[in-house]
Amino acid sequence: MKKFLEIKNVTKRFGDFKAIDSITMDVSQNEIHAICGENGAGKSTLMKTLSGVYPSGTYEGEFHFEGKLCQFKDIKDSEKSGIVIIHQELTLIPELSIMENIFLGNEMQSGNVVNWSEQKKSALQLMKLVGLTEKPETLVVDLGIGQQQLIEIAKALSKNSKILILDEPTAALNEIESQKLLDLLKKLRNNGLTAMIISHKLNEIIEVCDRVTIIRDGKKIETLDVSAELDQGRIIKGMVGRSMDDIYPQKTHSISTDNILEVKDLTVLNPETGRPRLEKVNFHLKKGEVVGIGGLMGAGRTELALTIFGNMYGKVVSGEILVNGKKIDFSTVKKAMSEGIAYVSEDRKKYGLVLDDTLAKNMSLATLDEISTRHVIDKNQEQQQALDYKEQLNMRITSINQLASSLSGGNQQKIVLAKWLLANPEILILDEPTRGIDVGAKQEIYQIINELSKQGKSIILISSEMPELIGISDRVYVMNEGRIIKELSENINAEIIMEAIVKDKKGDL
Amino acid sequence: MKKILNSSLKQYSMLFALIILFLAFGALTGWVNVTPMNISNMIVQNAYILILAIGMLLVIITGNIDLSVGSIVGFTGAIAGVLMINMGLPTFLVVGICLVVGVIIGMFHGYFIAYKEVPAFIVTLAGMMIFRGLTMFILNGQTLAPFPDVFQKIATGFVLSDLSVGPFNLLTIIVMVCMTLIIIFTEIKKIKNSPLEFKEPSGIVMTRVAITLVVLNFIMFSLAKYNGIPVVFIVFIAIILLYSFFMNNITYGRHIYAIGGNYEAAEMSGIHNKRIIFAVYANMGLMAALSGMIVAARLNAATPQAGNMFELDAIAACYIGGASANGGKGTIIGAIIGGLIMATLNNGMSIMGVGVDIQQTVKGVVLLIAVLFDLKSRTKKS
């Protein structure tokens, strides 16, 4: 195969720190090439260098695309030559339509006037290609995240991209949506597309990619051909520099027979539409137990968690919540916290962290009263507890007084976790606790969960990753469309869960 | 190490700017501006803007704005005028009433902003028009004067100005010595107590303390040589100390920063965001009323135009002092320094005989440059 994209000895420095260190690799035409590595390994930096986010001259080394030396000044420049990047955080504008988003900044014009009919025609073609069946006029705000991801791809294709760079394309998607996306990528490859994918989901890499390049600490470790024989363990070994036999720790939970939490007939209305979002939800959690809640994105799992954690979602029309057999008042976050409930959100940047504050301040935010006398904060205690948790959770940080915005995903997650562990909760609700973080940090989070459960804490784990859900939970509830549709306590496996969801669907998908 | 150095330097860059600006005007005006009388006058003339800036800083940290403060200044001054001059009520009762009125106006704004979620810009723009209108209505478009002597003393009085040793006011000298000792003592305590990774290099600490002491002692020395400590200066220093402590060491202060830094995350941490924002506006009302009293006392009159555009000076002081327009950032000391930079510009240009037109223009340019500088140093870091 001809070398389509060639990267030669590229090094990018931030001060003294080399984010990527003389990386040399190539991508062939018409292949899907995965970039693997732990968080902070330098994957995103590499992609940003390729796509002109870091302009030519700010890095060392060079790269050639279609045989030509590339010296991009900005993203626009790289897009012009056919390299298009789709970032992990989607960049669509919610209040504009699908069509407008696809052609944003790239409008089809006659003179300086947008040619709507032409644009609509092209939009329909692109949408058909990526498998979107909505009207082109539909506003993006009304679409799910899976569909939004497809719009991003359509947008990229509209720019005549020759090579598509996808940063964690399936991180926010559920299994069905992910599969749809992977199928689309395979289809596009057959049509001649070249792509580079950053992903933490190794099974997906094996399914869809031709080759995988592994980087660690900014350096390229190896490039492997992907074949049926290549197993995940092999890739992980390259990523972490050690082999990981079992990323799910042995369960050592001490489950009591008493229910610590019971939710009875909980029905909650969506605050925007006024329609029921949760319908007669019943479940219980035993002391020391890890209960998983599985389901598709939008099944109502986060809404359930938010309702339990201080009625933060919608209007509760019926139902009650019992902690240790006693009915509780869960009308505010403070009240839920005083019942020993804590909630670690799926969106740590939006709901978990004050990014411009220090780590120590972030950790103490929910429990300031406990380190204060007459509302005066004991700052030494604040520092000390932050140092303790830095140690306990094995945070890789330079100082507890650095800003939260400077951390990678895994470490940010640990900060949020520390914040809630400081509240010493009896019931800890973890909403997608390992989303977008690397394998090493994931395993550490699993061990923390295990340890907490051993101490008699009870945990509700909301997760879209089936192996995780199954590997960690003692019991699993499956949710769909705002209802709990199945409870599994033995022989939990992905097929049963998927089957329950698929059969529950009432016609439309 | 390098990081600590940078952050320390940045923190003090505005103070340096203030000192340099002050010295520059000194050189341009033949050092008229460093005379004890001018220093004393600068404090008395600007105290109310600085008090407003403190209230405004809290509002800005929550990510909001308050355009109504100038009108509240005028309104409370007008009420004071009517109650004291027309109705002859006792001075201190009237001051108390006016402060309560300020708080109620602040609560009125806070209610709509926090609980009804009407954008702060709109609510306080409405407040600005409403209370300016009411000021004119109450005063019938006329100016009321004069106020009783006791009231005037708030703005123009000095504490124990007769007690002096040679050319110096005794009390001022005592306060000056005490203040110096307290600052040195607390710095030593801070160094002893701070955990290792907090530690600043001793050179920086020394420089910082030295500069602070020189500036403060210069001010106190000037006051001692003139009439002693102005009453407003005491009010003003008390407010600075109180609010600095509140923002740095009290849980609610931390809540204010968290709300501005990330509203949702604060809410999810069990903070009562709405109550805090409501309280921040109530406090702004209080500060505006206090400022209204000082302005009225200084003018010795209640006028329909009192406090006009003060909100803009207060907002500018906060931004020049490093507060972020997005919320979550800013310090009391920063806002004070920002306010003093504006004051130095006003004062220096007035001495030079520059017209109000040019003064206004220069202040606008300085605001823009200061914010630009701040943004630039911030993006460089990331």
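Colleague: Which residues does A:Lys457 touch, not counting residues up to four places away in sequence?

Modeller: A:Gly288, A:Glu289, A:Asn424, A:Pro425, A:Glu426 and A:Leu452, where contact means heavy atoms within 4.5 Å. Bear in mind that this is a predicted model: local features need pLDDT of at least 70, side-chain atom pairs count only at pLDDT 80 or more, and totals for chains, interfaces and linings use all residues. Residues are numbered from 1 along each chain as its sequence is written, chains are lettered from A and ligands numbered from 1 in the order in which they are written, and side-chain values use heavy atoms, leaving out hydrogens and water.

Colleague: What makes the side chains of A:Lys457 and A:Asn424 a polar contact?

Modeller: They sit at 2.8 Å. The rule asks for a pair of N or O atoms within 3.5 Å; within protein, one must be able to donate a hydrogen and the other to accept it, and residues adjacent in sequence count only if both atoms are side-chain atoms.

Colleague: Is A:Glu168 buried or exposed?

Modeller: Buried, because its value is 8%. A:Glu168 also has a positive phi of about 50 degrees, though not a glycine.

Colleague: Why is B:Trp31 called partly exposed?

Modeller: Its relative accessible area is 43%, so B:Trp31 falls in the in-between class. Its phi is positive too, about 60 degrees.

Key
Buried < 20%, exposed > 50% of the residue type's maximum accessible area, 1.4 Å probe, protein only.
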